[in-house]
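These are my notebook entries on a few places that I looked up in the model. I kept them in the order in which I went through them.

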Amino acid sequence: MTRVIQPKQSIIPVVNAKIQRNDPCWCGSGKKYKKCHLKEDEVKRRFNLSSPNEQTVINRSEEFIQGMRETCQLAKNTLQMVADNIQIGITTNQINTWVHQYTLDHGAIPAPLNYKGFPKSTCTSINEVICHGIPDDTILKEGDIINVDVTCNLNGYFGDTSRTFLMGECSEDAKKICSVSEECLRRGIAAVKPYGRIGDIGAVIQEYAHSMNCSVVEKFVGHGIGKSFHEEPQVPHFGRKGNGPLIVPGMFFTIEPMINLGKKGVHILEDNWTAMTEDGKLSAQFEHTIFVTENGIEVMTE
Ligand code: MF3
Ligand code: CO
Ligand code: CO
């Protein structure tokens with residue numbers, strides 16, 4: 001005689017009876033569900049997010065957003081002032097003085113000055129310098145390309161933007177690397193969607209840069225920004241669609257692709273700042289600070 005083996009009885013209790021809008025929230029706050037986690041749960045359902053440590057929104061006060069608006073506009077205006085004055089024959093020290101004075105005149109502090117020991121108020125990166133060039137006695141000459149990177153600290157809020165300028169008649173290579181890196185920034189910005197992924201940005205940048213036979217610097221990345229200069233998330237300019245941190249409303253971050261005409265390799269000079277292309281070929285960069293809203297994005301430094 002064989003014994004009948006009884007299937008084990010399910011002991012999983014039924015707990016997923018749907019919580020109603022006016023019920024107390026499941027989190028134990030004592031607030032009604034609709035005043036507490038309802039919206040967040042809806043977003044999570046809509047985007048199939050289950051991971052509890054993925055924040056779906058960063059709540060920013062009006063004061064914070066206004067602070068960011070003002071510092072980003074100042075950074076934009078400072079860079080425009082440089083654009084209006086830059087010319088062949090001046091030194092990068094001259095640009096530094098303009099940026100330094102303009103920033104102080106508008107009640108702000110140039111964020112690079114003394115940042116981790118950086119000795120000047122702006123970064124000036126010529127030709128094969130990728131980023132973090134230190135202003136000095138170098139004279140701008142016809143055919144140079146130069147990135148000027150401005151970061152303001154106004155009332156404790158940081159705004160960060162950069163452009164690469166063409167000095168007079170430039171080579172086809174120089175024109176190309178500037179236009180490719182500007183287009184990389186434009187496409188990167190267009191790829192930012194609330195509830196997308198940070199990897200979506202790098203994916204489109206990398207795809208375009210490679211299609212133009214250029215390379216993407218991986219050693220330096222864009223960054224969250226706000227009441228500090230550099231914060232989470234890191235924003236690589238390479239990657240895969242759907243990878244990386246969730247993009248959520250309330251995020252402020254920069255996109256700042258550094259695009260090389262040759263290979264992506266970086267060499268840092270003895271000054272511990274100046275980042276050059278390893279192969280000595282040209283590099284260019286453009287940067288904006290972005291704000292993610294519920295419906296889209298705002299380019300804060302435009
Ligand atoms: N502005 C640069 C960036 O885009 C950082 C410069 S760091 C400094 O992140 F120390 F050189 F200022
Ligand atoms: Co930046
Ligand atoms: Co910058």
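I began with K116, which I count as exposed because it has 9 C-beta neighbours inside 10 Å; a residue is exposed if 12 or fewer other C-beta atoms lie within 10 Å of its own, buried if 20 or more do, and partly exposed in between, with C-beta atoms placed from the backbone. K116 lies in the loop between β1 and β2, where strands (E, at least two residues) and helices (H or I, at least four) are DSSP runs numbered from the N terminus. I read a phi near 50° for K116, a positive value in a residue other than glycine.

This is a predicted model, in which local features need pLDDT of at least 70 and side-chain atom pairs count only at pLDDT 80 or more, while totals for chains, interfaces and linings use all residues. Residues are numbered from 1 along each chain as its sequence is written, and chains are lettered from A and ligands numbered from 1 in the order in which they are written.

In the loop between β1 (109–110) and β2 (123–126) I also found N114, with phi near 70°, again positive in a residue other than glycine. N114 is exposed, with 12 other C-beta atoms within 10 Å. I noted that most residues other than glycine have a negative phi, and that most peptide bonds are trans. The peptide bond from E232 to P233 is cis, with omega near -5°, and P233 lies in strand β8 (residues 231–235).

Next I listed the residues around ligand 1, taking those whose C-beta atom, placed from the backbone, lies within 6 Å of it: K116 is one of them, and the others include Y115, H132, D149, D160 and E287.

I then turned to S283 in strand β13 (residues 283–285), which is buried, with 29 other C-beta atoms within 10 Å. Leaving aside neighbours within four places in sequence, S283 is in contact (C-beta atoms, placed from the backbone, within 7 Å) with residues including E128, I177 and M258. S283 and P233 are 50 residues apart in sequence, and their C-alpha atoms are 24 Å apart in space.

Last, I looked at helix α4 (residues 172–190) and helix α5 (residues 199–211), which pack at about 150° with their axes 8 Å apart. That makes α4 roughly antiparallel to α5, since angles over 145 degrees count as such, under 35 as roughly parallel, 65 to 115 as roughly perpendicular and the rest as oblique.

Technical notes:
Axes fitted to C-alpha atoms, helices over the stretch in contact; angles between N-to-C directions. Contact = placed C-beta atoms within 7 Å.
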